[in-house]
Amino acid sequence: GLVLARYFTVVQSDLRVRLVMASVGPGVLFLLSAHTMWPRDSQDHPARRLTAWVFGLHGVVLLLRPVLFHVGSGHIEAVSVAVLVESIVVLNMLGFCILMLVNEHVNAALRRLAETDSLTGVFNHRSFLAVLSKAMSVEARLNRHLPVMLVDLDHVKRVNDTWGHQTGDEALRHFVAVANACMRQGDVLGRLGGEEFAVFLPQASGDEAVAVAERLRAQVEAHPLPTAHGPIPLSVSVGVALQALYFEVSYD
């Protein structure tokens with residue numbers, strides 16, 4: 001691109017070719033940026049949606065710029081002023097969009113900190129109950145049971161006493177990794193506290209929930225915790241219940 005620009009500037013000066021090159025390339029890049037920025041769920045990301053619109057509209061203007069200069073060749077000064085004003089407006093809009101994106105990112109990070117368990121990265125007790133309450137409401141309206149698994153990681157205190165609390169924390173994180181690998185897509189895992197976890201399985205039958213529980217138990221036993229002291233075997237106790245009632249979660 002730079003070689004061609006230099007050629008049509010120094011060797012064979014051609015303003016029209018330089019204008020096309022300066023318009024088409026950036027225009028395509030802005031349109032691609034708009035496509036990349038457009039969020040899948042635009043309702044949850046207004047800043048990204050606005051930024052994508054600014055990118056897309058500016059990309060279209062850039063692609064049309066050679067046509068505008070050609071059609072308005074008799075009023076070149078007016079066209080130049082219009083293009084300059086559009087660029088200034090876009091520059092200011094992008095600055096505003098950057099501030100919105102930063103604010104959106106910070107809010108999302110704070111929301112994740114409030115909703116997730118800092119050690120394992122799954123839903124914390126409060127957030128899990130809130131999500132469970134909504135899921136139970138949906139299942140109740142459809143006249144279905146919602147299977148819930150209560151999972152207790154066995155002998156964590158012994159791990160803490162023998163190898164230290166850091167190894168105990170690693171055991172909790174290891175369990176979450178194994179659980180996420182063997183659960184179905186859409187199943188929701190949360191930490192209730194200590195070594196106690198819970199999982200609810202939307203649109204699953206009781207038999208399917210029991211199968212998932214058995215698979216989880218087998219996978220935890222088959223994958224001991226790797227440590228510098230050697231592999232530490234782990235096991236879990238799992239209970240399955242079919243929750244049919246809907247309850248409201250109160251926050252103090």
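**The second largest pocket**

The second largest pocket has a volume of about 160 Å³; a pocket is an open set of points on a 1 Å grid over the protein atoms alone where a 1.4 Å probe fits, with protein on both sides within 12 Å along at least five of seven lines. The volume is the space filled by probe spheres set on the points. This is a predicted model, in which local features need pLDDT of at least 70 and side-chain atom pairs count only at pLDDT 80 or more, while totals for chains, interfaces and linings use all residues. Residues are numbered from 1 along each chain as its sequence is written, and side-chain values use heavy atoms, without hydrogens and water.

The lining (residues with an atom within 4 Å of a point) consists of Asp 44, His 45, Leu 101, Glu 104, His 105, Asn 107, Ala 108 and Arg 111. By class, this lining has 2 nonpolar, 3 polar and 3 charged residues.

**Helices H7 and H8**

Helix H7 (residues 165–182) packs against helix H8 (residues 206–222) at an angle of about 135°, with the axes 9 Å apart. H7 and H8 are therefore oblique to each other, and their crossing is right-handed. Phe 175, Val 178, Ala 179 and Cys 182 of H7 make the contact with Arg 215, Leu 216, Gln 219 and Val 220 of H8, where contact means heavy atoms within 4.5 Å.

**Helices H6 and H7**

The axes of helix H6 (residues 156–163) and H7 cross at roughly 140° and come within 6 Å. Val 159, Asn 160 and Trp 163 in H6 meet His 165, Thr 167 and Gly 168 in H7.

Methods:
Nonpolar A, V, L, I, M, F, W, Y, C, P; charged D, E, K, R; others polar. Axes fitted to C-alpha atoms, helices over the stretch in contact; angles between N-to-C directions. Helix = DSSP H or I, 4+ residues; strand = E, 2+ residues; numbered from the N terminus. Parallel < 35°, antiparallel > 145°, perpendicular 65-115°, else oblique. Left-handed = near helix turned anticlockwise from the far one by under 90°.
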